[in-house]
Amino acid sequence: MSMKRRTFLKGSLMTGALGVAVGAGLLKPKTVLAAWPEAAFSADTMDAAMSAIGGNGAAESDQIKFVKTPEIAENGNVVPINIESSIAGIEKISVLVNNNPSPLACQYHLTSNCDGYVAARIKMRKTSDVTAIVKAGGKTFMAKKTDQGHHRRMWRLISYVIVR
Amino acid sequence: MAKKTIKIRAKMSGGKAAVKALVKHPMHTGLAKDKKTGEKIPAHFIKDIICEHNGAKVMHAEWGVAVSKNPYLSFRFSGANKGDTIKISWTDNKGDSDSAEAKIG
Amino acid sequence: MRKLLCFAVAIGLAGGLTVANASPDDDKAAFQNYFTKKFPQTEKGDFINGVYSIDAASREQWETIEEFPPYEIDIEEGKGVYEKSAALKQCFPDADKGIAHNYPFFDNDKGQVMTLALAINNCLKAAGEKTLKYKKGKMAKLLAYMAYQSRGQKIDIKIANDAAKAAYEDGKRFYYARRGQLNMSCAHCHVDNSGMRIRADLLSPALGHVSHFPVYRSKWGGLGTLHRRFAGCNKQVRAKPFKAQSEEYRNLEYFLTYMSNGLDHNGPGARK
């Protein structure tokens, strides 16, 4: 990652040469954001998504916890995910839903003042693991949570009622 | 153009600023079909959402279509005080955007 | 399909909790006692939270969502709808102090149950403003705003005379009558089989059912009114739904709300 880009992200957009460029209409402020990672979000397999976000070889870590994240999601449209990590120097947290059509759901670029914590409400198409990839100090770490996604309509549940 | 799509709750908690936001946005995946026309509803989703604290960027999230409709954001950071300004801005794949500010309570 | 028919036959329901010629108060006492006995771990006041009052696993997810619920945006938009309408401000000047808990009531002049939604459209129509559709959209947002202002108020429906009692009895009959291809009544699922699963859903108890409307359902991806849900439930047993704000549904709402007298209003709510 270019050091120049990191400086843009941290400070005010209107200083120095950059300010001149913006003022002259050459750059729109939002240009200085790193481009939205098209390839990573379009990747349709876990392998491809992990590759695209630099998650390959991430070490499993018990310092990444899924908190208040359900085993069985009530509704696949709105699954609440809460990730807490005590790893030092976190730069990025990525959330992947292994069995979604495009596994990468969202990514959070955190500055050094941020807690290793993000919460999201995501869509899960079916039963799937949810994987968190944490990038900190040049290394990557991961943790997984097994989630049952939303129930599909199951006719055989009727037998439960008759037995009663 | 008054959009008002963002609700922010920012408050000090345990010495840190806890920021939560709810954004009104359809977050269409591009896979679902319109029930009336049978046509696929084109993807329409927030790609980038940024939080600034007193003008400095503190968090930048990249979202894809798997983020739920009327998306939710929550994170915490230190180095803030009550009364500081939190600004949340988003842009979506159609080039629309909105932003809102709130004071940390 | 055959499996479902077997299911329907297997649930024989003798006659429900209420007895003909019992007073509404007796009905209500029997109704509330049935549920507090059936779910002893649930505090009576908590039934307004539906399945989440009887299922801990889904409760945690629900609490996560209620912490910053999606309907908050709808409440603000509903307030906007109210403030932009001269008619609504005139008909309901105390909306911000909470008026939703005064509904439904039996309107003696009109000889019918008056719901807030019907009152809203009556008001708009009389003033020549555009009326609203009853199931979702602006009406639902407006009701969400109104419901929110009445949060915490006690449900306190009154039945003051014979005409009102007749409407109540009509609603009660509807509740216990079998309908649709599946030949099931509301009571089959929400009284007899409350707490059981049907397909992928946990059946919510009828006590406290109406307290949290309009409801933001994840399934709908948005807000819907009580009558929208009535229609949906009727369709689920393959019965032809009635029209929102029809006499049938208004009387049903009247009966059902009376059954929850004493519990708190807690609308709008979030559900799966």
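Biologist: Which strands form the open sheet, and in what order?

Modeller: General idea: strands count as paired if DSSP finds at least two bridges between them. Strands (E, at least two residues) and helices (H or I, at least four) are DSSP runs, numbered from the N terminus. In this structure, nine strands form an open sheet with mixed pairing, in the order β1(A)-β8(A)-β7(A)-β4(A)-β5(A)-β4(B)-β3(B)-β6(B)-β7(B). At the edges stand β1 (59-60) of chain A and β7 (97-103) of chain B; each has a single partner strand, so one side of each lacks a neighbour in the sheet.

Biologist: What should I know about the model and its labels?

Modeller: It is a predicted model, where local features need pLDDT of at least 70, side-chain atom pairs count only at pLDDT 80 or more, and totals for chains, interfaces and linings use all residues. Residues are numbered from 1 along each chain as its sequence is written, while chains are lettered from A and ligands numbered from 1 in the order in which they are written.

Biologist: Do β1(A) and β8 of chain A pair in the parallel or the antiparallel sense?

Modeller: Parallel, over two bridges, with β8 spanning residues 139-147 of chain A. A:Ala59 sits opposite A:Phe141 of β8(A).

Biologist: How many bridges join β5(A) to β4 of chain B?

Modeller: Five, and the two strands run antiparallel; β4 of chain B covers residues 56-63. A:His109 has B:His60 in β4(B) as its bridge partner.

Biologist: How many residues does each of chain A and chain B bring to the contact?

Modeller: Two residues are in contact if their C-beta atoms, placed from the backbone, lie within 7 Å. Here 32 residues come from chain A and 26 residues from chain B. On the chain A side, the elements giving two or more residues are α1 (3-10), β5 (104-110) and β6 (117-122).

Biologist: How does the chain A side divide by class?

Modeller: Ala, Val, Leu, Ile, Met, Phe, Trp, Tyr, Cys and Pro count as nonpolar; Asp, Glu, Lys and Arg as charged; the others, Gly among them, as polar. The side of chain A that touches chain B has 18 nonpolar, nine polar and five charged residues.

Biologist: What is the secondary structure of chain A?

Modeller: Five helices and eight strands. Along the sequence the pattern is α-α-α-α-β-β-β-β-β-β-β-β-α. Among contacts in chain A with a separation of 6 or more, 62% link residues 24 or more positions apart.

Biologist: How many residues of chain C are in contact with chain B?

Modeller: Five residues of chain C, which meet eight residues of chain B. The chain C side comprises three nonpolar, one polar and one charged.

Biologist: Why does C:Asp107 count as partly exposed?

Modeller: Count C-beta atoms, placed from the backbone, within 10 Å of a residue's own: 20 or more others is buried, 12 or fewer exposed, in between partly exposed. C:Asp107 has 17 C-beta neighbours inside 10 Å, so it counts as partly exposed. C:Asp107 lies in β1 (residues 105-107) of chain C. Leaving out residues up to four places away in sequence, C:Asp107 touches C:Gln112 and C:Met114.

Biologist: Which domains does chain C have?

Modeller: Bounds come from an automatic or database domain assignment. For chain C it gives domain 1 (20-67 + 159-271) and domain 2 (71-149). Their C-alpha centres lie 22 Å apart. The contact takes 26 residues from domain 1 of chain C and 24 residues from domain 2 of chain C.
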